[in-house]
Amino acid sequence: MTAVAAPRPATVDAVARGRTRRAARRRLVVAVLAVLVVAAFAASLMIGQTFYPPGDVLRVVLGQDVPGASFTVGRLRLPRAVLAVVAGLSFGLAGVTFQTMLRNPLASPDVIGITSGASAAAAFAIVFLGWSGTAVSVTAIVAALGVAVLMYTLAFTDGVAGTRLILIGIGIAAMSKSITSYVLSKAGAWDFAEALRWLTGSLNGTTWGATVPALLALVVLGPLLLVLTRDLSGLQLGDDTASALGIRVERTRITAIVGAVGLLAFATAACGPIAFVSFLAGPIAARIVGPNGSLLVPAALVGALLVLVADLVGQFALGTRFPVGVVTGVLGAPYLIYLIVRTNRAGGSL
Amino acid sequence: MTTAPSVPAPDAAVARRPGSVRLLWLLVVVAALVALMAASVVVGSRDVGWSDVVAALGGSSDTIGQAAATKRIPRTLLAVVVGAALGLSGAVMQGVTRNPLADPGVLGINMGASLAVVVGIAWFGLFSATAIVWTAIVGAAGAAVFVYAVGSLGRGGATPLKLALAGTATSAALVSFITAIALPRGDIAESVQSWEIGGVGGATFDAIGTVLPFLLVGFAVSLLSARSLNSLALGDELAAGLGERVVLARGTAALGSVLLCGAATAVAGPIGFVGLVVPHLCRLLVGVDHRWLLPFSAIAGGCLLTASDIVGRIVARPSELDVGIVTALIGAPFFISIVRRQKVREL
Amino acid sequence: MTATHSLAAEALTLGYGDRTVIDELDLVVPPGRITAIVGANACGKSTLLRSMSRLLAPRGGQVLLDGKAVHRLPAKELARTLGLLPQSPIAPEGITVADLVGRGRHPHQGVFTRWRREDDEAVAAALEATQTTTLADRPVDELSGGQRQRVWIAMALAQQTDLLLLDEPTTFLDVAHQVEVLDLLTDLNRARGTTVVMVLHDLNMAARYADHLVALAAGRVHAAGTPEDVLTEDHVRAVFGLDSRVIVDPTSERPLMLPIGRHHMAAAAPRDVVRQVG
């Protein structure tokens, strides 16, 4: 590089201080969120029809035999709570990836049809093909990737325009939802509650069989997305600027889509498309962290916290036992609308 | 967008379609409607002979065939009426918002009507058919105002993207509320489910009779607003310059459109995409003059919904596919193709 | 120290869909100088600039940076040599100036590299050069148009490239801010020897600030050279289809173009021009 007038040390220090300050805030938020997730996780192991003190719960988790608690906590509550965390992290991470990539908080996978595609496929495999377990997960991921590829292909003319991608996604979402409705209406005995799993998401009756594939997907794909963090931040500046900064725009976008779609599909196959979690996690995280720095980790934690708390609320706080998706849906809806109003008024990302 | 007309600019040749061509198309569409209505009575999980149809029209339901035809006649009428209402409603909505993606389904207006009805049933013990229609219309109007207000905030006004997103988000929110209300009420869950997917299967003459007055008013108001919509298509400022009272004209047209889709939803549940697809096809046939476009959209809407209903009965024999599912499967790809044709900056 | 990187286009053909915008264009960017690309609307100015910075793949021919095709260079390597400021970059909601400028460090960082002192120094230098130091902690959304453009230039500076491409850096700015931005770019060019290539709308601004003018017409270079060579009445007529008079700007002694329309002709105006137009 050419000779540059050396900056004054005071300016350099000011720049460094500002950066450190912002990073510190982000670290603090992440730490607090992590503590809250752990607390909510512990709570969901302890609370239920029978309350088990932390000591019992800990012993069960460590593999010791505790009469009563071993079954209730070990077999019923633990897989459920683990899936809540895994699904929340997956939905949060995937959602914020899409939102960052498409530069639009409303472009989350549940608005643009990826979760609903996965859900339609899972419901189809279960109702029509009588499949279960891994086969359902595989169907869901194939469908979700199919939807993503279809969307991407349809939106592609001289590069992908974010706005077109979102609108095409909305169209695909409408189709997927009607397929789900059709499949459910063909289900032998119409079980409204079971159907809700595929319409809004539910953790009821979670087993390890459903949880483990989602967990593995998170372990593999989560780091993949985290590695992309910096490139995704670059994409926020617009495709041209990102490209000028040396980011391979299309490659970054495709990798991010594959990673995020994989996470969504595995989580959706396990518990259905828990409404609004992938949509809400990013904006809530942005609110807490502030606009600087990556939102990936905070959003994942917010997602996990949302699912854990909503599941507790759905199970115990209301007269009826609501599946988690109904709770997140009802809580999320007003926030969603608030967000649209705010984004539109700012004239910003829309 | 307040200045440029963004509803698809047709090439000049289409805009200046001679009247004779339009009349010819009118005949074709009407003939298609008649043929589809006949088919709708005949075709189904059990095909019915013509003699049975004639007998059923005379009020007889002695044989199985006659009984089937007796059920299919109101069903067919309902499909035609609801389809016409949705097609016209969509055409008016696209004119009022100057937005090619406007549709009662896309904008979440159907779901507004659904939620209102579900709330009415679950919390206020709503039973009477007329009360349900009123509730649905109020719900539709509320959702329409809300979505349009949200979608037109900020720079650029109600762009297709903003309106569609606002509509989708609002629908999703409304569906969540519907589910949350219905779930603890096992007694009404089944009937609520029909408020999430539209269908015409349970049609009766009584039901049609209840909504007909609302629909007739809606048809009249909408069709009368054709001339104002032509001015509005040039942008608010220019329309005002042409002597149009913009707010009044918009309000009237929107009222007609909401009456139509609210009443249609009240009787058939939320049926999406008819209002989206039909006006676009009709524009290809008769151009952008609303005085032609609106009646055409009504007739073609009737055709589309009747045809979708027939398809739903054929593909899923011996059971049926709700017509709302069929229209979504037909309409969503159409929606996507419209999006693909638009230039990015117009979105 | 002067820039030694060379940038050139050879038989470059560019287009969108089935439309060819640039047709077998040859262009050499003089190193260490300011080049302005001018031309009528939709003549392919921005397209050319986009392709020179690898954003648009050529249909034919190539763009050469130091003799190597830019479309085959590794993305980050290119981004350390050549910076681009697009016409409408997007600032994420609420981002602060310092953070935005810091994003310019991307090509110098790896996936796991931590932020280093030299990154802070580059950001500080960019802020100082663009006189945005006092804005560092402000959100970009709150800035005025002129300030915002300086911040974006600061981001491109933090990238520390020898070549800087700018697509209409003065659009949407009033005349005072236009002068401010172009003065800033001239400072950079003189102080650091940065090669600047920019698309400009305003012919007179281009003639004032550029060392080298390139006039595009019909997808080719119509004329290239010093402002005096390029901004002539004949070239303006050929490129824009506009009759004009070109005089010497008393302030800068660069050419100054005065358009001639059909009206408001003083008696002293040359009769032949009026006849020709009328």
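**View 1. Surroundings of Ala85(B) in the predicted model.** Leaving aside residues up to four places away in sequence, Ala85(B) touches Leu215(B), Gly218(B), Leu260(B), Cys261(B), Ala263(B) and Ala264(B), where contact means that C-beta atoms, placed from the backbone, lie within 7 Å. Ala85(B) and Ala263(B) are also among the members that touch the most others in the largest nonpolar core, which has 323 residues; such a core is a set of buried Ala, Val, Leu, Ile, Met, Phe, Trp, Tyr and Cys residues joined through C-beta atoms within 7 Å, and buried means that 20 or more other C-beta atoms lie within 10 Å of a residue's own. This is a predicted model, in which local features need pLDDT of at least 70, side-chain atom pairs count only at pLDDT 80 or more, and totals for chains, interfaces and linings use all residues. Residues are numbered from 1 along each chain as its sequence is written, while chains are lettered from A and ligands numbered from 1 in the order in which they are written.

**View 2. The open sheet of chain C.** Six strands, in the order β6-β7-β8-β3-β9-β10, form this sheet with mixed pairing, and two strands pair if DSSP finds at least two bridges between them. The edge strands β6 and β10 (220-225) of chain C each pair on one side only. Within chain C, β3 (residues 34-39) and β8 (residues 195-199) run parallel over four bridges, and Ile34(C) has Val196(C) in β8(C) as its bridge partner.

View 3. Over residues 1-15 of chain B, pLDDT stays under 50; pLDDT is the predictor's confidence in each residue, from 0 to 100. Chain B has a mean pLDDT of 83, with 89% of its residues reaching 70 or more.

Terms used
Contact = placed C-beta atoms within 7 Å. Buried ≥ 20, exposed ≤ 12 C-beta atoms within 10 Å, placed from the backbone. Helix = DSSP H or I, 4+ residues; strand = E, 2+ residues; numbered from the N terminus.
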